[in-house]
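Hi,

Here is the structure I said I'd pass on.

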Amino acid sequence: MSETKDNTSPVIQEVTKHDITSAVAVAGHPIHAMSVHFPIALVIGTLGLDLLYWFSGDPFFLRASVWSAGSAFILGVAAAIVGTAELLLVRGIRSRVGSWTHAVAAMTLLAIAGTNWGVRLVAPDEVLPHGLALSVLASIFTGIAGWHGGKLVFDHGVGLMVSPKK
Ligand code: HEM
């Protein structure tokens with residue numbers, strides 16, 4: 001009788017041993033995954049407002065972008081606090097390299113988003129070109145952070161509940 005051999009690396013075996021159930025959740029639904037949509041949409045929305053301001057010159061878009069950039073930053077910080085709690089509290093999340101890659105990309109995004117808001121508050125004349133450049137950079141980092149966050153859920157199964165319901 002042939003014996004089946006597990007060729008999985010011992011490191012992977014150690015990582016997959018630990019629980020990855022969300023610790024900050026409502027009825028099993030991770031609050032972080034529910035809250036990230038707002039900062040993501042607001043970062044991209046701020047880029048849209050900057051482009052409209054560039055094309056039209058209408059100061060309405062400049063004023064609106066102060067609010068969207070500020071909300072993107074504040075809601076991003078709120079989402080990051082919950083994400084950090086997951087990272088620190090759940091051993092299976094903490095032990096995955098992907099979690100830290102996502103966290104570093106997300107913190108970089110927040111630094112850019114905060115600067116983008118600050119520029120609009122203290123130097124509205126600088127929005128073209130500096131605010132626009134920051135909006136482009138923030139959108140790129142939103143993509144990088146979101147990609148790695150999505151990998152945690154869809155590749156690693158972080159926070160997923162496999163329902164027994166049919
Ligand atoms: C240091 C800060 C952060 C940490 C430690 C962190 C950690 C995590 C963790 C552990 C997950 C897996 C789902 C869960 O357990 O809730 C996740 C998912 C995700 N995160 Fe973060 N996160 C941070 C900040 C952010 C920010 C600022 C954004 C975007 C604005 C973001 C976007 C996402 C996305 C898009 C997902 C996938 C959610 C889904 O597909 O449902 N994260 N993050």
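This is a predicted model: local features need pLDDT of at least 70, side-chain atom pairs count only at pLDDT 80 or more; totals for chains, interfaces and linings use all residues.

**What the record says**

UniProt, in an unreviewed entry, gives a "domain: DUF2231" feature at residues 28–159. In the model that span is 86% helix and 2% strand, and its end C-alpha atoms lie 8 Å apart. The unreviewed entry also lists "transmembrane region" for residues 36–55, 67–90, 97–115 and 127–147. I looked at two of these in the model. Residues 67–90 come out as 96% helix and 0% strand, with 34 Å between the end C-alpha atoms. For residues 127–147 the figures are 100% helix and 0% strand, and the end C-alpha atoms are 28 Å apart.

**How the helices pack**

Let's take H3 and H7 to begin with. Their axes are 9 Å apart and the packing angle is about 150°. Angles over 145 degrees count as roughly antiparallel, so that is how H3 and H7 run relative to each other. The crossing of H3 past H7 is left-handed. On the H3 side, the contact is made by Ile-40, Val-43, Ile-44, Thr-46, Leu-47, Asp-50, Tyr-53 and Trp-54. Their partners in H7 include Val-127, Leu-128, Gly-131, Leu-132, Ser-135 and Thr-142. By class, this contact holds eleven nonpolar, six polar and one charged residues.

H7 also packs against H6. Here the axes come within 8 Å and cross at roughly 160°, so H6 and H7 are roughly antiparallel as well. This crossing is left-handed, and the contact of H6 with H7 has 14 nonpolar, 13 polar and two charged residues.

The contact of H4 with H6 divides into 14 nonpolar, seven polar and one charged residues.

**Two backbone details**

The peptide bond from Leu-128 to Pro-129 is cis, with omega near 15°, and Pro-129 sits in helix H7. Leu-128 is also one of the H7 residues that meet H3. The other spot is Ala-27, which has a positive phi of about 50° although it is not a glycine. Ala-27 belongs to the loop between strand S1 (25–26) and strand S2 (29–30).

**Around the ligand**

Which residues are closest to the ligand? They are Pro-30, His-32, Gly-83, Ala-106 and Gly-149, from a shell of 31 residues. Helices H2 (31–35), H3 (37–56), H4 (59–89), H6 (97–122) and H7 (127–154) each give two or more residues to that shell. Sorted by class, the shell has 18 nonpolar, twelve polar and one charged residues.

Happy to go through any of it with you.

Cheers

Technical notes. Residues are numbered from 1 along each chain as its sequence is written. A residue is near a molecule or strand if its C-beta atom, placed from the backbone, lies within 6 Å of it. Helices (H or I, at least four residues) and strands (E, at least two) are DSSP runs, numbered from the N terminus. Ala, Val, Leu, Ile, Met, Phe, Trp, Tyr, Cys and Pro count as nonpolar, Asp, Glu, Lys and Arg as charged, and the others, Gly among them, as polar. Axes are lines fitted to C-alpha atoms, for helices over the stretch in contact, and angles run from 0 to 180 degrees between N-to-C directions. Angles under 35 degrees count as roughly parallel, over 145 as roughly antiparallel, 65 to 115 as roughly perpendicular and the rest as oblique. A crossing is left-handed if the near helix is turned anticlockwise from the far one by less than a right angle, and right-handed if clockwise. Two residues are in contact if their C-beta atoms, placed from the backbone, lie within 7 Å. UniProt positions are given in the numbering used here, feature names are shortened, and annotations may be inferred rather than shown by experiment.
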